[in-house]
Structures are given as C-alpha cells and as structure tokens.
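This report looks at annotated sites, selected residues, a helix and a domain pairing in turn. Please keep the sequence and the structure open while reading.

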Amino acid sequence: MKNLQELLNDSSYIKIIGNVDKDIIDITADSRMVKEGSLFICLSGYHVDGHKYVSEAVEKGAVAIIAEKKISVPEGVTVVYVKNTRTVMEKIAPLFFDYPSKSMRMIAVTGTNGKTTTTHIISHILKKAGYKTGVIGTIHALIGDEEFETHNTTPDVIDLQRLLYKMKKAKVTHVCMEVSSHSLVLGRVEGCEFDTAVFSNLTEDHLDFHKTMINYANAKAKLFSMVSEEGQVKSNKNACINIDDDYSHIMIDAIKDRKLCKLHTSSMNRDAELKVISTEFTGKNTKFICVYKNKEYPVTVKLMGRFNVYNIMAAMSAAISEGIDFNFIIKALTDFTNVPGRFELIDEGQEFSVVVDYAHTPDGLENILTTAREITTGKIIVVFGCGGDRDPMKRPIMGRIAAKYSDIAIVTSDNPRTEDPNSIVEQVVKGVKENAEKYNCKYKVLVDRRSAIKEAIEIARVNDIVIIAGKGHEDYQILKNKTIHFDDREEARRVLRG
C-alpha cells in the first residue's frame with residue numbers, strides 16, 4: 001500500500017482533480033483487474049484505449065485515475081491528468097512495489113534465439129548451487145518450482161514488478177529473465193536493476209516493429225547500457241557476450257563503464273574467455289571441449305545441436321559471473337534436460353524421430369535443420385509456416401532455408417492471426433520453389449496444420465526425422481478473431497498412437 005501523493009512525487013502532471021492524500025492498495029492498467037482501493041491507469045494502446053473503461057474501473061472500486069484525455073468520474077474519485085500515462089506508469093509501478101529488483105540478483109538474457117533455454121540452464125546451475133531462483137520468460141514464470149502463466153516474453157511493467165515483488169517475498173535470490181527487444185523499447189523493464197546481461201545472437205525477426213536490423217540491435221543494446229549505469233544499488237555488474245555474432249560489437253560498445261561492468265566473452269571461432277574447440281553430436285547428447293583459463297574441460301550434456309552449445313556457453317558465462325566454480329558448473333550441466341517445446345523429442349516407440357521446436361525465425365529454422373542433419377541418417381521432413389501480423393520479409397527466407405536443408409518440406413499455417421493463412425503460405429512457398437530443384441527438396445502445401453503434421457508422420461520411415469517447427473510449447477492457434485486449442489506435441493502423439 002502506498003499514498004497517492006508519494007506515488008506522484010517523481011512524476012510530472014498537468015492537473016489534479018480531487019484529494020491526493022489517499023491510500024492506494026493496488027495499481028493496474030487493466031480494468032478487469034481493478035479491486036477496491038486501486039489506482040487505474042488509462043493507457044492509449046495499439047488496440048484498446050483504457051479511457052473507455054474508466055466507468056468499469058470506478059464501479060469495481062478504483063479510487064484514483066491517471067489519464068491523458070478528459071474523463072468523467074463520480075465525486076470522491078481523484079483524477080490525475082498527465083501528458084503520457086505510459087511514462088508515468090513506468091515510474092509509478094517500480095515505486096509502488098518497492099523496487100524489488102534491487103533486492104535480488106537479476107540475470108537478463110537477450111537475443112533472437114535461445115533465451116528460454118539459456119535462462120533455464122542458468123536457473124538449473126544456480127539451484128544446484130543452493131540458491132532459490134525465479135524464471136521469467138516465453139513459456140512461463142517460475143518462483144522456485146511454482147509455475148505462473150505469462151502472456152509476453154517480458155511482462156508489462158506493472159505485471160513484471162508485481163511478479164518480482166512476489167519473488168522477493170518468496171526469498172528468491174536470483175532471477176533469470178528473458179528480456180525482449182520490445183520490452184526494452186516499450187519501457188517494460190523500467191525500474192529494474194540488472195546485474196548480469198547476456199547476449200545470445202541477433203538474426204532477422206521483428207522487423208515489422210524495428211524496421212531495420214540496426215534498430216533491432218540498438219534495442220537489444222539498451223540492456224547493456226542499463227547494466228553498466230552508475231549509481232546502482234548492487235555491485236558485481238557483468239556483460240556476457242557471444243562474440244561470434246556479427247552484432248556483438250554493438251552490445252560491447254553499449255557498455256558505459258568497463259570498470260563498473262566486467263565483460264565476459266564466449267566463442268567457437270575466436271579467442272575468448274570461454275571457448276569451445278571440439279564438438280561431437282549424437283542422437284542422445286552433445287560432447288564438447290571447453291577452454292577456460294587456458295585449461296581444457298570435457299563437457300557432456302543431454303541437449304542436442306550446435307545452437308545449444310552456444311546456449312550452454314552463455315549460461316556458463318552467466319554462472320561464472322555469479323561466482324559459481326567452473327567445475328561445479330560442468331557437473332551441474334550433466335543432468336539438465338530440455339525445455340518444453342525446444343527440440344523436444346516425441347517418442348511413442350516409432351522407428352523414426354519426431355521433434356517439436358519453437359523455431360520461428362530463419363536462423364532458428366536453420367539451426368534445427370542442420371542439427372537434424374548431424375544426428376540422422378535418413379530423410380529430414382519439416383512441417384513449418386510463418387505467423388500472421390508479423391515480419392513478412394522472413395517468410396520467403398524461411399522457405400529457402402527449408403528447401404536447402406530438408407528432403408521434404410510441408411508448408412502449413414502457424415498463427416495466422418488476422419491475415420489470410422493462404423496468403424502467408426504463398427509467400428513462404430515462393431522461397432521454397434526458389435531452392436527446391438537446386439537442393440532436390442520435395443515440397444507440399446497443406447494449410448491445415450493438423451493435416452500437415454499427420455502427413456509428415458505418415459510418410460516418415462526408419463531413421464527419418466520429422467521436425468514440427470514454429471509453435472513449440474504453445475497449446476493454441478490464433479485464427480482471425482478467435483483462439484483455439486492446438487498443441488503440436490499432442491497432435492504428433494495422436495497420429496503416432498494411431
């Protein structure tokens with residue numbers, strides 16, 4: 001609980017109508033979540049205008065409103081008019097929840113691919129070391145072993161601060177958090193004090209939002225500016241960067257103070273603090289030699305693929321930053337199992353492999369297909385599509401990649417959202433056609449995703465591998481204005497059992 005006047009002290013406002021000496025028991029920008037004594041913040045969003053829901057918020061017990069536009073409220077309800085409600089919300093939310101990030105070690109992972117796996121590996125290592133961890137990301141949020149649903153990779157600022165407050169109360173010591181480029185640009189992480197920032201990679205994605213790759217890279221780089229700012233409460237600030245990535249220099253350049261923030265590098269191709277010099281991939285695990293402080297360490301993990309070696313190196317760097325002994329890190333890695341929907345094997349006793357993966361970017365798709373080539377002697381059959389209302393430029397690129405690395409490509413629907421699924425598929429198929437003959441790839445179009453999965457499994461033979469890409473852990477499909485239950489893993493199991 002906070003006094004309204006206290007919440008407004010650091011925010012500029014145009015006019016206040018009513019009493020500011022009020023106790024606020026909760027804050028929200030969602031009228032459905034208002035309870036007695038709440039402060040309701042009217043956001044002018046992309047699809048919804050919160051000013052339209054003021055009456056509903058008051059009926060549910062809101063005692064104060066922050067607004068940009070003129071609104072009408074009953075007597076006794078305080079209205080604070082501001083220039084930008086979102087900016088004010090970004091200041092108020094961390095203050096209301098007493099800046100919980102300042103009381104825990106905050107490890108933030110950013111990059112196009114690998115964030116979910118990397119955060120879970122870091123959490124696994126820290127838990128083995130005796131710490132209580134929290135995880136925030138695409139799949140879910142975890143407080144210890146308790147699971148909570150999330151709706152964005154990085155929750156909005158109020159939801160994030162509320163979640164961090166719960167973690168603090170639950171005596172979490174380390175938070176392992178995915179930080180998206182959207183969250184950095186849109187202010188979702190305002191008020192967070194990060195301690196270790198990790199960069200995995202940057203490949204084409206979200207250009208519908210960022211427009212250019214440089215804009216996208218600069219958005220990611222904000223995290224490294226934040227972790228290296230002066231005047232923070234905690235010490236031991238770190239930047240862990242994969243220097244094999246072409247955009248790694250932008251992240252390094254964003255570090256404001258190298259004395260304040262230590263740089264940790266990892267690589268397979270260059271001299272780095274942490275370097276992998278040898279890799280061996282099987283159908284069950286990955287073995288590699290890691291060089292750290294001029295000493296070679298053999299590592300065996302249950303994850304598969306070169307892309308997962310990068311994820312592991314990123315997690316190792318973060319664990320080193322947090323003071324974990326390197327030999328302990330290697331031992332902790334031996335029993336880490338895969339994250340749901342990330343190269344997840346679907347085994348119903350069949351004589352071929354079926355893998356469900358979240359790969360929804362060109363780089364992600366190439367990673368899983370090249371990994372499949374390394375571990376199978378048979379054909380690669382891939383089922384994939386592209387999401388609607390998202391970057392259309394990557395659609396033909398993903399088509400070309402599927403044709404190049406698979407033997408049979410089945411193009412289908414992903415989450416078409418408000419777009420026509422047939423139109424999306426046509427754009428993907430254009431890329432497939434460009435490479436199909438050159439790489440001897442057969443392809444088929446089945447817009448219905450259930451039919452596409454069924455077809456892929458039914459044509460698979462001994463030693464083949466079926467890759468079902470794009471949705472991973474998701475258990476829904478977004479069609480026009482409705483969302484239906486749909487889980488690639490369930491669909492695959494149903495066909496295999498049949």
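A residue is called buried when its relative accessible area is under 20%, exposed when over 50%, and partly exposed in between, using a 1.4 Å probe and protein chains only. The structure is a predicted model, in which local features need a pLDDT of at least 70 and side-chain atom pairs count only at pLDDT 80 or more, whereas totals for chains, interfaces and linings use all residues. Residues are numbered from 1 along each chain as its sequence is written, and side-chain values use heavy atoms, with hydrogens and water left out.

## Annotated positions

UniProt, in an unreviewed entry, lists Lys220 as "modified residue: N6-carboxylysine"; UniProt positions follow the numbering used here, feature names are shortened, and annotations may be inferred rather than shown by experiment. Lys220 is placed in helix α8, where helices (H or I, at least four residues) and strands (E, at least two) are DSSP runs numbered from the N terminus. With a relative accessible area of 1%, Lys220 is buried. Contact here means heavy atoms within 4.5 Å, and, leaving aside residues up to four places away in sequence, Lys220 touches Thr110, Gly111, Thr112, Lys115, Val179, Ser180, Ser181, Leu184, Leu202 and Met251.

The unreviewed UniProt entry also carries the annotation "binding site", which covers Ser31, Asn152, Thr153, Thr154, Ser180 and Arg188. These positions span 158 residues in sequence and their farthest two C-alpha atoms are 25.6 Å apart, so they do not all gather at one spot. Ser180, found in the loop between β12 (174-178) and α6 (181-186), is buried at 10% relative accessible area. Beyond residues up to four places away in sequence, Ser180 touches Thr153, Thr154, Arg188 and Lys220. Arg188 sits in the loop between α6 and β13 (196-199) and counts as buried, with a relative accessibility of 14%. With residues up to four places away in sequence again set aside, the contacts of Arg188 include Asn152, Thr154, Pro155, Asp156 and Ser180.

## Other selected residues

The table gives the relative accessibility of three further residues.

| Residue | Relative accessibility | Class |
|---|---|---|
| Thr119 | 0% | buried |
| Thr150 | 12% | buried |
| Lys222 | 39% | partly exposed |

Lys222 belongs to helix α8 (residues 213-227), and it touches Leu184 and Val185, not counting residues up to four places away in sequence. Lys222 and Tyr292 are 70 residues apart in sequence, and their C-alpha atoms are 28 Å apart in space.

A separation of 19 Å is found between the C-alpha atoms of Thr119 and Ser248, which are 129 residues apart along the chain.

Thr150 is located in the loop between β11 (146-148) and α5 (157-169). A polar atom of the Thr150 side chain lies 2.9 Å from the backbone oxygen of Gly137; a polar contact is a pair of N or O atoms within 3.5 Å, and within protein one must be able to donate a hydrogen and the other to accept it, with residues adjacent in sequence counting only if both atoms are side-chain atoms. Not counting residues up to four places away in sequence, Thr150 touches Gly137, Thr138, Ile139, His140 and Ala141.

## Helix α16

Which residues of helix α16 (residues 488-497) are buried? They are Asp488, Arg489, Glu491, Ala492, Val495 and Leu496. Seen down the axis of α16, these buried residues fall within an arc of 165°, so they line one face of the helix, the arc being that of the directions from the helix axis to the C-beta atoms. The buried residues of α16 pack against β19 (344-345), β20 (353-357), α15 (449-459) and β24 (465-469). At the start of α16, a side-chain oxygen of Asp487 comes to within 2.8 Å of the backbone nitrogen of Arg489.

## Domains

The protein is divided into domain 1 (2-94), domain 2 (100-334) and domain 3 (344-497), with bounds that come from an automatic or database domain assignment. Taken over C-alpha atoms, the centres of domain 2 and domain 3 are separated by 28 Å. In this pairing, 17 residues of domain 2 are in contact with 19 residues of domain 3. Domain 2 and domain 3 bury about 1500 Å² between them, 59% of it on carbon and sulfur atoms, where buried area is the accessible area (1.4 Å probe) that two parts lose on being put together, summed over both.
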